[in-house]
Every structure is written in C-alpha cells, then in structure tokens.
Amino acid sequence: MTPYAAPVRDLRFVLEELLEHGSLALPGFEEASPDLVEAVLEEAAKLAGDVWAPLNASGDRQGCTRRQDGSVGVPDGFIEAYRAYAEGGWNGIGVSEARGGQGLPEVVASAVQEMLHGANMALGLCPMLTAGAIEALAHHGSEELQARYLPKLVEGTWTGTMNLTEPQAGSDLSKVRTRAVPQEDGSYRLFGQKIYITWGEHDAAENILHLVLARTPDAPEGNKGISLFLVPKYLVGEDGALGERNDVTCASIEHKLGIHGSPTCTLAFGEHAGAIGYLVGEPGRGLNHMFTMMNEARHKVGVQGIGVAERACQHAFAYALDRVQGKRPAHRGGGECPIGDHLDVRRMLLSMRARTDALRALALTCAAQLDVARHAAEEGERQAAQARAEVLIPVVKAFSTDQAVEIASLGVQVHGGMGFIEETGAAQLLRDARIAPIYEGTNGIQALDLAGRKLQRDGGRALGGLIDEVEGTARALCAAPGLAPLGEALAAGAADLTAVLAVLLEQGGDPERGPDAVQAYATPFLSLAGHVLCAWQMGRSALAATAAREAGSDDPFYQAKLASADFALRQWLPVGRAQRAVIEAGMESLVAFAPGAR
C-alpha cells in the first residue's frame, strides 16, 4: 500500500484561507493561535503517517479474534498505536481545558480526525466513539457521573461505545427491549443484547464505558419509554479505582466486508445477576440524550469518509504516475507514457481530487459552525450557527460517505486489474469505505432527517440562509477576472436547489401525502444539496487561489486548486443538478411500484 502523507497543506488552506481561522476569534480560544494550529497539524500528521498508517494493511489482513474467555484481541500494533495517541493528549484535543482537554476548536479537532481516519479507519473508530461518549456525558450526565468517568474518557485511558441496535431494533429504536431494573442504591441492572457495537470489547484501554439504551419496568412503549444508561466494563469505586468485572460480555464478533481491524461485537448484558448501570440524564429521554452522541458521531463519520477518500486519491495518483501503459497522442509528443498522461485517467484522478477537496471544505465549514454555536458571545449568533450546523450535518455525513465510496471505487478503476487484487491496497479502501453510508444512521435516514425534520421544522430558513451565501459567492465569481463561467454554473445550481426546496416544503407539508413526498424526494434532494454546497466551497477556493496568485504567489498548489474548482463547478455540479429533474418527475412510479408483484 502506498505510504500515507497527511494532507496538511490542504487542511491549512481551508482553515487559513477559506475559514480565515474564524474559530480562533471566539471566546475561549484566546490562547490558541494560527502558529499553534499549524504545529498541532504537523504533529498529528507524524502520528498518522508514521504510527497509524503502517498498520492499516496488516490490521486488515489479521483482523480481530474473540478468545474463549470472551475477550477480544485486536491486530498486532493497534494497542501500542492507540496508546501513543492517548498518551500524546490527542483524545482531548477538542475538549475544554476545564474538563482536562486541550481546549482547541472543533474545526481543528476535525482536521486531526481526518488525518487519523485516512491513516487507519479501523483504529480511528475507537476514539471516534469515545468522543461521542464524552459529549453525551458532558451534556447529560450528573455531576457525580461526570466526576467519576469523564476525566479518564478525556485522557483516553478509558474508551466509550454506543449501544443502540438490537436484533429486532435496527433503525426503529422504538423496538428496543433491553431492560433496566432499578436497585435500592439508585443504580440499575441491565438485561439484554446489543449488536454491531464498535470496539465493544478490546484490551487497548483499561476500561470501556458502554452507553446503552434500555427500558425501565414501568416505561411506556415507543421512543418515549427509552432511557440512557452508562454501563462500565469494570465497576469503578468512589476513589476512581477499578473494581470487579461487570456482567457484560462479548458473545461474538462480526466477520465483515471491511474495517477488519475494528472489533464489531455482540454484547450480552446481564447473563448472570445483571449488568450494573447508571441513568444518564432524565428517564424516558434516552433517545434525545443519545442524539447528542450521534450528532457528534455523524459529523465524524463524514470526516472519516473524507479521510479514506484522501488516501484513495494518494493511492491512485501514485499508481497513475508509475504505471507505464500505452502511448501519448502524436500532438503531445507520442511515445510510451504513464497512464496519468491519458485524459480518461486524468478525468478520474481530477474527479477524485476535486470531490475530496470539496467535501473537506464543507465538513470543516460545518465544524466551524459548531464552534460558533458553542462559543459565540451572542445568543442569537449561537442559535443561527446551530441551525446551520443541524442542516449541514446530515449532508456531511451522507454526501461525504456516498462520495467516498465512489472515490474509492474510482481508485480501484485507476489501478485496473491490479485494483481488484488485494496486494495493492486499493480494494481495502473501497471495502472499508462501504460501511460509512450505513452506520450512525443510514444515508437514507440522513436524507429523511434533512428533508423531513430539519427543513419542515423551520420552513427551510436555515438552508435558505446557506443558499444566500452560495449566491453571494456566485456573484463574486462572476465579477472576478476569468471566473465568470464558474459563477454562472454555481448560480444555476443555487437556483435548482431553491426550486426543489420550494417543492419539498409545499408537498412535504401536505397533511395527507406529505410523508410520502418526503420519503420519495429526500435522497435526491440531499444529493442536490450536497453537490451545490460542495460547489460553493470550490467557488470560494477558486476566489482564494486567484487572490493568492494575484498577490504574486507562483505556488503550483493554487493552480491545482483552480483546476479542481473548474472541474467541480463545470463537470461535477451538473451531475447533481440532474436531481432537480428527478424530483420534478414526481413520485407516482414509486407509489405504483409493488415489490412483491412479479
């Protein structure tokens, strides 16, 4: 597998030239500086490239093993690599200093996480779930729970998991059956089974904290009867010392298409006296509390997809520059050449690069909005940023991961037959990427969340505000020398998105057919929104690159950004714009289709 080089220059371009380090100007980040951020990125790149990335292929080949005692062994080197990450303080990079973290903005933490997932997606899943557990406890845990469990989570000495899914309760969590029986001391004993638990059992950390959805005996049916509980692998005394093993065991691990180095476990709670757990937040509001963790994780799954896409780009570019096959056309000199000289291969490479650049900029823009939502001085500014972030998160999660699969697939295609052979590593990236559109809420669910809950809730105001910004960038492009064609393309995309937003609001609000309309249009709508919002980021990139060149820079980096922007706006955006025709065609064929009538 081609060595991985963390894309520090590309990340800095977004942070410095597109976002202009806006997060550093927020209250709470006074001690942070651009120089500090640059140093953090450089050090994270070393960890990703030198420690994590070399284990990616070997971890895929070796996989995980469940031992007879129920413990799980992870691939060789993973424990040491995880501990190097934790001991370096990386687990708390985006956590406030008051909670023992580094106190850096979310946008910086997201940049670091992209590098780690690009280096080793299977290993990166462990701290990703821990970050979600930290968010859930910090927002909803009692002072006692926070004091006992948060410091070790922030350190990374302990890791966290998310336990939602059961055999009969996949996306429909109202079917959760795991029971939580109250005890006289205020604790609960849990009985039930959870499946697909990422890093649910391992030896990389001293303890594992499971956040579990369950029902108390008097809970009503449906979502309102579900509560959230913290169930540690090892019980923790009042002094913080680890005690006896809790009644939670790994019943099995899954054999999967990809992410072989990540142990995906079936966990059994309460095979004996019951797994001791503690209520997190309010009874009956477990789903609400878990969504704090899930929103954190959904954004990071999008970032994860971008990390894999970046590695697929690097892999494909290296092969295309090295593999000699065929000849150049006579007007370009003729003679044998590397495949990267063929325009069809260049089309694939530029498509991979432009899309990855666009997705990265959109994900970091979303993270910057999260920073504003959490730290801005004015309440109104915080609320507006939160509304924008809530619209962007399903797009970042779904669109980035769908595109990551396509980008990794193109990477296989660039390799030709060798891409289908495991030894090159291109196949692993495609296999690994394929899970990202499925977990943390399938991409169909993300589309329904956007088209149904988010847009109907505010009448499309938050998305409308983003479209206004897209149109502003289009006008700036039209006024810039040489960039008018890009501005015209972006303006056309914004017009399409505005038009279908009106269709979705009108038909989705219909008392009778509204639910069907949302179901029918949600996925093509999210695809159109993703294309337009990514094109917006590439329009901004074109403006920034042009400004740098006009200021005298001859860095070829900026010429590459202009090429990516041109491709994204004039050759990729039209693919997304076709989704307007899909929506305007209506839903009658879907309504009339009977899957069983054949």
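Between which two helices is the loop in which E440 is found? E440 is in the loop between α11 (426-433) and α12 (443-458). Helices (H or I, at least four residues) and strands (E, at least two) are DSSP runs, numbered from the N terminus.

The model is predicted, so local features need pLDDT of at least 70 and side-chain atom pairs count only at pLDDT 80 or more, while totals for chains, interfaces and linings use all residues. Residues are numbered from 1 along each chain as its sequence is written, and side-chain values use heavy atoms, with hydrogens and water left out.

Most residues other than glycine have a negative phi. E440 is not a glycine, yet has a positive phi of about 60°. With 13% relative accessibility, E440 counts as buried; buried means under 20% relative accessible area, exposed over 50%, and partly exposed in between (1.4 Å probe, protein chains only). I259, also not a glycine, has a positive phi of about 40°. The loop that holds I259 runs between β10 (248-253) and β11 (264-269). At 6% relative accessibility, I259 is buried.

Strand β7 covers residues 226-232, and seven of its seven residues are buried, so the strand is largely enclosed by the rest of the structure. Both of its faces are covered: on one side I226, L228, L230 and P232 are buried, and on the other S227, F229 and V231.

Two strands pair if DSSP finds at least two bridges between them. Strand β6 (residues 207-215) runs antiparallel to β7 and is joined to it by seven bridges. In this pairing L213 stands opposite L228 of β7. Strand β12 (residues 275-280) also pairs with β7 in the antiparallel sense, over three bridges. Here the bridge partner of F229 is L279 in β12.

**Helix packing**

Two packed helices are described by the angle between their axes and the distance between the axes. Axes are lines fitted to C-alpha atoms, for helices over the stretch in contact, and angles run from 0 to 180 degrees between N-to-C directions.

Helix α8 (residues 286-322) and helix α10 (residues 379-415) cross at roughly 20°, and their axes come within 8 Å. The two helices are therefore roughly parallel to each other, a term for angles under 35 degrees, with over 145 counted as roughly antiparallel, 65 to 115 as roughly perpendicular and the rest as oblique. The crossing of α8 and α10 is left-handed, that is, the near helix is turned anticlockwise from the far one by less than a right angle, whereas clockwise would be right-handed. The residues of the contact of α8 with α10 comprise 14 nonpolar, nine polar and two charged. In this division Ala, Val, Leu, Ile, Met, Phe, Trp, Tyr, Cys and Pro count as nonpolar, Asp, Glu, Lys and Arg as charged, and the others, Gly among them, as polar.

Helix α14 (residues 484-508) packs with α16 at an angle of about 20°, with the axes 10 Å apart. α14 and α16 are therefore roughly parallel to each other, and their crossing is left-handed.

**Salt bridges**

Side chains of opposite charge can pair when their charged atoms come close. The whole structure has 35 salt bridges, each a side-chain nitrogen of Lys or Arg within 4 Å of a carboxyl oxygen of Asp or Glu. The table lists some of them.

| Salt bridge | N to O distance |
|---|---|
| D341 and R328 | 2.5 Å |
| D344 and R347 | 2.9 Å |
| E584 and R580 | 2.9 Å |

D341 is buried at 15% relative accessibility, whereas R328 is partly exposed at 27%.

D344 and R347 both lie in helix α9, three residues apart, or about one turn of the helix. D344 is partly exposed, with a relative accessible area of 47%, and R347 is partly exposed with 40%.

E584 and R580 are four residues apart in helix α16 (residues 556-584), and so are separated by about one helical turn. E584 has a relative accessible area of 48% and is partly exposed; R580 is partly exposed with 27%. Elsewhere, salt bridges that share partners join D10, E114, E310, R353, D357, R360 and K561 into one network.
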